[in-house]
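Q: Can we go through this one? Start with how you call handedness, then move on to the details.

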Amino acid sequence: MSNGHPSRRLVLGLGTALALNALPTFTAHAAPSRPTTSPLVPADVATTLWYPEPADEDLLIEQGLPLGNGRIGALIGADPARELLHVTDATLWTGGANTTLDSDGQFPYGRDDFGSFTLLARVMLHMPGHEFSAVTGYRRALDLSNGLVTTTYTKDKVRYVREMFAGAADDAIVVRLSQSGGGSLSGALILSGTHGETTGVDKDQRLASFSSSFANGLRYAAAVAAAGDGTIAATGTRVTFTDCTEVTLVISGGTDYAPDHAAGYRDPDADPLALAQSKALAAARTAGSRLRDTHVADYRSRYDRLTLDLGGSSTRQRRLDTWSRLKARAADGAAPDPELEASYLQFGRYLTICGSRDGLPMGLQGLWLEGNTPDWMGDYHTDINIQMNYWLPDRAGIGDTFTAFADYCLAQLPAWSEVTQAKFQDSRNRYRNTSGKVAGWTVAFSTNPYGGLGWWWHPAGNAWLCESLYEHYEFTQDTKYLARIMPLLKGACEFWEARLITTTVDGREVLIDDHDWSPEHGPQDARGITYTQELLWSLFGHYEEACRTLDRDLEHAAAVGEVRERLYLPRVSPKSGWLEEWMSEDNLGETTHRHLSPLIGLFPGDRIRPDAGDPELLKGATELLTARGMESYGWACAWRAACWARLKDADKAYQLLLTNLRPWSGGDTGTAMNLFDMYRVSDTRAIFQIDANLGTPTAMLEMLVHSRPGHIELLPALPDAWAGSGSLKGAGARGGFTVDVSWRQGRVREVRLRSVGGRRTTVAAGAKSTTVTLEPGDTVTLTELVD
């Protein structure tokens with residue numbers, strides 16, 4: 001898992017914060033800032049996933065290694081003779097606004113109407129004579145510390161090295177080839193479209209490229225270029241290099257998408273082909289080492305903010321390649337492998353840095369595809385998946401990667417508002433408001449980048465999105481951000497003010513949700529479902545707090561507060577002893593269903609918690625979570641683990657982590673060779689969904705630091721496997737703080753708290769607690785909590 005010296009204890013992630021570089025979008029031309037010294041983390045301490053053979057070209061989604069800069073991404077096969085790259089652009093979507101409803105009042109959900117995320121290109125690096133059978137000492141690796149994919153091997157006594165990365169500053173994917181020992185490099189970079197495009201070349205510029213457009217009018221392009229000290233040429237569909245000692249190969253591309261509803265989500269001034277060509281040529285004219293160092297400095301400015309040490313692994317464990325190590329950890333009676341588990345958390349951070357910058361957010365598969373027909377169109381699912389994707393950034397020290405999610409919601413809001421007010425009250429919609437009124441905005445279960453909705457209406461989807469959006473404010477205390485998201489919060493409240501209906505419970509009039517569905521099972525016309533009632537309790541409370549903080553809309557906030565006071569709040573069934581999922585004593589769905597919809601008040605919400613509130617409600621939530629079971633899809637296990645962490649049950653939370661780490665080999669669910677979470681949909685096919693890769697690290701951090709505004713708890717669910725000694729530095733905490741904590745034998749050794757905007761909080765460790773008052777930017781060491 002790491003190539004560190006076997007006697008060295010590894011701390012995963014370096015705690016050096018470098019200055020952030022400006023990150024241009026595809027349509028920008030900002031000059032990158034170049035570091036003056038190499039920022040590379042040395043190989044003997046870098047956190048590395050590695051493999052002794054290339055990926056199978058037909059199994060790239062399970063074995064390929066991912067790169068990305070938040071806009072363009074690639075899966076890397078790393079075959080010495082046939083290096084295959086599946087290249088994506090986050091904005092390359094078919095489909096459109098999708099506003100014509102089906103006969104049941106719901107939205108069409110297909111590739112032609114709703115649309116789909118698709119591949120931009122397939123790029124092949126062909127080097128004849130470098131077949132895997134002809135080389136020795138082969139090793140491919142994903143260097144998490146530096147954000148690089150590397151391939152090394154020996155042929156005819158010459159050592160060959162490939163470094164691959166997706167630079168944000170240069171906005172391109174770079175493949176850097178070098179050798180030592182007097183050899184030479186000859187081959188070709190072949191560019192192929194995936195939608196029937198024709199690749200052409202500019203022989204003078206030594207460039208290959210293509211451009212095209214979809215039926216929805218989206219224009220796009222891709223280009224490849226090369227530079228080296230031998231002969232560089234362009235012919236057919238390829239750029240060739242001959243007799244070079246070092247080569248820099250560059251892939252660029254993009255679309256004319258713009259996050260602007262008024263402009264139809266297009267930039268009329270963008271020329272995708274010209275931009276792709278200019279970026280490819282500009283990068284190719286820069287020294288490969290400078291491109292790499294610029295990328296590494298930018299990447300590490302995020303990655304290094306959090307370091308994690310869960311304990312030392314054995315020399316034998318460290319010597320294993322990553323796939324062998326996963327299988328060894330899953331064997332019956334296997335010893336804990338804390339460095340493997342810490343690497344999995346850092347892999348989640350790596351995917352987030354690579355997949356989420358200042359463009360579109362990560363959908364079901366992030367930036368990484370195996371073809372043009374991803375399941376569920378690779379979309380943004382609003383009933384857990386996109387939310388789970390964005391639980392991690394603030395907790396993991398990379399809160400600026402959350403921006404893509406917030407910007408997406410704001411860019412879609414005008415379309416969402418229009419379609420809600422025009423279509424939600426359609427007489428065929430079984431979820432329409434019986435009040436006859438409609439206001440504000442909501443969404444369907446699926447959304448695309450064009451303001452389009454897909455599948456069924458999801459009334460509570462607006463509150464679910466707002467839960468995540470407001471939580472980011474709780475971590476940052478950034479009032480400018482809070483003011484930006486206020487239209488989303490306010491519009492969601494307005495929707496529910498028009499929708500809620502009155503009923504009587506135990507002689508008291510209360511407000512409940514109208515006809516609705518508890519995702520994704522049970523009756524489709526239930527009222528007062530726990531999922532929605534809990535989300536509304538949070539939404540209205542957050543809106544009130546936001547209005548007070550910003551000193552605006554105070555009259556509306558007061559009215560929303562009165563509505564909140566009248567909400568029906570879920571209770572425990574006297575029959576089952578579980579927290580009710582519906583306003584019924586009976587369980588109306590599947591006992592072990594994958595979704596934990598009724599437990600949203602436990603996680604990520606705060607209404608149900610061990611240290612306050614109604615003990616009966618807490619017990620009912622615990623009983624329901626127990627009934628849901630410990631086996632499910634990866635994302636469902638991640639959610640379960642986060643809930644058990646909230647309940648301070650370290651054993652169950654850790655067990656679910658190990659469940660997700662089981663090596664996938666055709667079973668129902670598990671971790672693939674490349675650490676992607678997979679689950680089986682048939683005897684011959686499995687699906688990658690990124691949410692488990694991001695939700696499981698979130699649960700791990702919740703096991704080490706739990707926070708809510710005004711309260712931080714250290715090591716609430718520390719499992720025995722990590723209890724010997726360890727440390728976590730740079731973890732985010734709600735209320736506006738970051739936390740450094742180290743421990744030994746399960747007891748806190750040192751605590752440092754830094755304010756990033758917070759001023760006052762209580763910090764607890766076991767039976768000890770202290771109240772801290774800080775000014776933003778200040779740091780304090782809390783000796784009161786040390787045993």
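A: A crossing counts as left-handed if the near helix is turned anticlockwise from the far one by less than a right angle, and as right-handed if clockwise. This is a predicted model, where local features need pLDDT of at least 70, side-chain atom pairs count only at pLDDT 80 or more, and totals for chains, interfaces and linings use all residues. Residues are numbered from 1 along each chain as its sequence is written, and side-chain values use heavy atoms, with hydrogens and water left out.

Q: Which hand is the crossing of α12 and α13?
A: Left-handed. Helices are DSSP runs of H or I, at least four residues, and strands are E runs of at least two, numbered from the N terminus.

Q: At what angle do α12 and α13 pack?
A: About 155 degrees, with the axes of α12 (residues 530–550) and α13 (residues 554–565) 9 Å apart. The two are therefore roughly antiparallel, a label for angles over 145 degrees. Axes are lines fitted to C-alpha atoms over the stretch in contact, and angles run from 0 to 180 degrees between N-to-C directions.

Q: Which residues make the contact?
A: Among them are Trp-537, Phe-540 and Tyr-543 of α12, and Leu-554, Val-560 and Val-563 of α13. Contact means heavy atoms within 4.5 Å.

Q: New topic: which element gives the largest share of the lining of the largest pocket?
A: β30, with four residues. Other elements giving two or more include α9 (403–423) and β31 (737–744).

Conventions: Angles under 35 degrees count as roughly parallel, over 145 as roughly antiparallel, 65 to 115 as roughly perpendicular and the rest as oblique.
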